[in-house]
Amino acid sequence: MRFLICADIITGLCLLALAAAVVANFAANRRTPAFDERRSPVATATMTAFGVLVYATIRFRWGGLPLVQPSPEILGLRVAGLLLLAGGTAFNIWGRRHLKHNWADHVRIYDNQSLVTDGPYRIVRHPLYASLIWMIYGASLAYLSPLAALENALIFYPMMVYRARLEEAALIGTFGDAYRRYRQQTGRFLPRLFGRAARRGNGEGRQDER
């Protein structure tokens, strides 16, 4: 019971921090002129709708495992999930702050667009999307919800891949070979731990699928 109260508090703080960061993005976005935009069905509204689905799945225990009297192993798994949720939130906010004026709700290329490859973007190409995926898996572990993890894998992950591909096509159109080199060196949602060896052994198309 004490863990559940702690998990609820940490989860609530993570959601509040993420919501505040999104509001700050929208506020800054209004002051930045754009010259090219491709509207996407995957945007803040649809991501929020999916977040509500996951929240309901966890809160109403749809397909959830019992939370009472967990074994030490299960408790350790839940603690790891909570850490992943909190770490994913911090990584998401770091990515948003680092992206600065380049953030957009839809796929947008600004007049003053810059290619961001440092900070969290040295670790993965899409830290905002990656961290949301991590957060949902973390919450699924913390609250023992296999259905939420399945929703993440079958619905949210494909949404993020679709949105990431749209953005990458726009960035290649703007930055050309500079972005292609960055894409070869950096994983999409997971760090490319063996990137140099992979680049020698594989073509660009396979590397891009992380």
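**Close-up views of a predicted model**

W134 is buried, with a relative accessible area of 18% (buried means under 20%, exposed over 50% and partly exposed in between, using a 1.4 Å probe and protein chains only). This is a predicted model, in which local features need pLDDT of at least 70 and side-chain atom pairs count only at pLDDT 80 or more, while totals for chains, interfaces and linings use all residues. Residues are numbered from 1 along each chain as its sequence is written, and side-chain values use heavy atoms, leaving out hydrogens and water.

**View 1. F91 and W134 form a tilted aromatic pair.** Their ring centres are 5.1 Å apart, with 40° between the planes (rings of Phe, Tyr and Trp, the last by its six-membered ring, pair if their centres lie within 6.5 Å; planes under 30 degrees apart are stacked, over 60 edge-to-face, the rest tilted). The pair links distant parts of the chain, F91 in helix α3 (residues 72-99) and W134 in helix α4, 43 residues apart (helices are DSSP runs of H or I, at least four residues, numbered from the N terminus).

**View 2. S131 sits in helix α4 (residues 127-142).** With 0% relative accessibility, S131 is buried. A polar atom of its side chain lies 2.7 Å from the backbone oxygen of P127. Leaving aside residues up to four places away in sequence, S131 touches G88, F91 and N92 (contact means heavy atoms within 4.5 Å).

**View 3. Helix α6 (residues 177-185) has Y179, Y182 and R183 buried.** They share one side of α6, because they cover an arc of only 100° around the axis (taken from the directions from the helix axis to the C-beta atoms).

Terms used. Helix = DSSP H or I, 4+ residues; strand = E, 2+ residues; numbered from the N terminus. Polar contact = N/O pair within 3.5 Å; in protein donor to acceptor, adjacent residues only side chain to side chain.
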